[in-house]
Amino acid sequence: MSAKPTRIGTLALNRRGLLKATGAAAASLAAPGFATRRARAANPIEINHWSWLAASDGEVWAKMIADFNEAHKDKGVQIKMEVVPEEQYVTKVLAAAATGKAPDFGWGTAGKGAQLARDAVTVPLDDLAAKAGLDLADFSAYSISASRYPKYDNKIFMIPMDLMSLQPEINLDHVKEAGLDPAKPPVDGATLLEWATAMTKREGDKVTRSGIMMTGSGVQPTVTWGIVAEQLGFQRASDDLKTACVNPEASKKAMQWVLDLFDKHKVSTRDVTDRYKAFGTGQGSIFWTGPWTLNGYVGQKLNFKTALFPKIGDKHVTYFEMGGLELYQQADTARYEATMQAVKWLSDNSFLWTTVGRGASPRKSILDRPDYKTTGNSWDVRGAFVDGMSFATVGEIPVVNGPNFTIYSGGNFLAKTLEGVWSGQTSIDDAMTQIQTQWQADLDEG
């Protein structure tokens, strides 16, 4: 199945000084035969691309690159793709940039690249996109906004490629068994718990099938807390990025809401460790996850559908994530123009990527195509991940220490702090104090 790759964070390493110090050396290491437009006419251009996509979405992305190369086989430009393990990606990009050998472009996640932008490892794209003729007006306003870093001249540092959210996948065999109507999935907190209770199985006090798929630590309880907290009125950072933890009481209520799934309602168990495998083998009935799981579960013929995330609090929101392509610093800046032309082609031709590959398209012209809903997996399993983007707003906090704020993480500061709450080792009040203290320091750092 298509398991979601691990998430990239940035490193606590200041690269600006190192890049400046190695600038002269980098110039001498620039790839030969790529310096000028005239040179490109005589020498085929090879654009170096790094990708961390390695599951079923990686297969579709490889097809996208192959399509580009086929379309440009007589035009003197080709893309050479290298797959780099995601957990090594940023480290390798930093090391390559320091020696002038960074790839021309690669994958990034919106909001997680503030340090790379600050240290000039990634390249601002506003002017390059305009020069390449990329129609930024065709992108959703939110996707372009998420590509910017307000603290760094509010420049665009990524061309959006796909939009993702967390929505519930529901096992239809369990729905039928419980006598529920699959056409009327849960829409709020009350109906969610009704469905979860009806589909949960227990042996004594032990939950043997979770009505709501959860794990005892890691990503699943952390991201659940993050979504529910924001629905209840919590903000991790104020809009001006100056104040951490707006309305902490809502955050505390969300922690209790997660705990109650285990201990009060008994619709979840802490015993699940591999949530993807557990849902695929019928150990869970409702699993909020992302579109990266669809190809895998469809491939194994799991009987399921997706629905929109229920409105548990006053605000109807869910997790937001955006993947995109970013350009990396080159000693030979002449490479940027050709690279942006390649990125423009990939964006203009991203119908395959956003129907069969991953997520929803950020481009209006693609969403408006009459065959958008009928291509790829059926709308029953894909539709919620497209329609649900209208309320997917819980994204990253675009500051240098943004990874500390990420709610979709199993090992960052937030996840480790909340882990104490889920295990009963830390009180809700103490956890909230720790989070507020750390996050305020993170915002103060900029």
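Which loop holds Leu 241? Leu 241 sits in the loop that runs between strand 10 (235–237) and strand 11 (244–246). Keep that spot in mind as you go through the views below, and remember that this is a predicted model.

**Figure 1. The whole chain, before we zoom in.** Let's start with the big picture: the protein chain contains 20 helices and 15 strands. Its C-alpha trace spans about 75 × 50 × 35 Å along the principal axes. How does its radius of gyration fit with a compact globule? For 446 residues, a compact globule would have a value near 22 Å, and the protein chain has 23 Å, so the two agree. Buried residues account for 57% of the 446 residues. Now look at contacts between residues at least 6 apart in sequence: 77% of them join residues at least 24 apart.

Figure 2. Most residues other than glycine have a negative phi. Leu 241, in the loop between strands 10 and 11, has a phi near 60°, which is positive although the residue is not glycine. Asn 247 also has a positive phi, near 65°, and is not a glycine either. You can find Asn 247 in the loop between strand 11 and helix 12. Are these two residues buried or exposed, or something in between? Leu 241 counts as buried because its relative accessibility is 11%, under the 20% cut-off. Asn 247 has a relative accessibility of 34%, so this residue counts as partly exposed.

**Figure 3. Helix 11 crossing helix 12.** Here the axes of helix 11 (residues 219–231) and helix 12 (residues 248–263) come within 8 Å and cross at roughly 135°. The two helices are therefore oblique to each other, and their crossing is right-handed. On the helix 11 side, Pro 221, Thr 224, Trp 225, Val 228 and Ala 229 take part; they meet Ala 250, Ser 251, Ala 254, Met 255, Trp 257 and Val 258 of helix 12. Sorted by class, the residues of this contact are nine nonpolar, two polar and no charged.

**Figure 4. Helix 12 crossing helix 20.** Stay with helix 12 and turn to another partner, helix 20 (residues 428–445): their axes come within 10 Å and cross at roughly 130°. That angle makes helix 12 oblique to helix 20. Helix 12 passes helix 20 in a right-handed crossing. From helix 12 come Pro 248, Ser 251, Lys 252, Met 255, Gln 256 and Leu 259, and from helix 20 come Ile 428, Asp 429, Ala 431, Met 432, Ile 435 and Gln 436.

**Figure 5. Helix 11 packing against helix 19.** Back to helix 11, this time beside helix 19 (residues 413–423): the two pack at an angle of about 95°, with their axes 9 Å apart. That makes helix 11 roughly perpendicular to helix 19. Pro 221, Thr 222 and Trp 225 of helix 11 meet Leu 414, Ala 415, Leu 418 and Trp 422 of helix 19. This contact has six nonpolar residues, one polar and no charged.

**Figure 6. Trp 439 and its surroundings.** Trp 439 is part of helix 20. Its relative accessible area is 0%, so Trp 439 is buried. Which residues does Trp 439 touch, leaving aside neighbours within four places in sequence? They are Trp 225, Phe 234, Arg 236, Ala 244, Cys 245, Asn 404, Phe 405, Phe 413 and Leu 414. For a sense of scale, Trp 439 and Asp 429 are 10 residues apart in sequence, and their C-alpha atoms are 15 Å apart in space.

**Figure 7. Tyr 276 in helix 13.** Our last stop is Tyr 276, which lies in helix 13 (residues 275–280). With a relative accessibility of 8%, Tyr 276 counts as buried. Tyr 276 and Glu 86 are 190 residues apart in sequence, while the distance between them in space is 19 Å, C-alpha to C-alpha.

How values were computed
Residues are numbered from 1 along each chain as its sequence is written. This is a predicted model: local features need pLDDT of at least 70, side-chain atom pairs count only at pLDDT 80 or more; totals for chains, interfaces and linings use all residues. Side-chain values use heavy atoms; hydrogens and water are left out. Axes are lines fitted to C-alpha atoms, for helices over the stretch in contact, and angles run from 0 to 180 degrees between N-to-C directions. Helices (H or I, at least four residues) and strands (E, at least two) are DSSP runs, numbered from the N terminus. Angles under 35 degrees count as roughly parallel, over 145 as roughly antiparallel, 65 to 115 as roughly perpendicular and the rest as oblique. A crossing is left-handed if the near helix is turned anticlockwise from the far one by less than a right angle, and right-handed if clockwise. Contact means heavy atoms within 4.5 Å. The radius of gyration is taken over C-alpha atoms; the globule rule is 2.2 Å times the number of residues to the power 0.38. Buried means under 20% relative accessible area, exposed over 50%, partly exposed in between (1.4 Å probe, protein chains only). Ala, Val, Leu, Ile, Met, Phe, Trp, Tyr, Cys and Pro count as nonpolar, Asp, Glu, Lys and Arg as charged, and the others, Gly among them, as polar.
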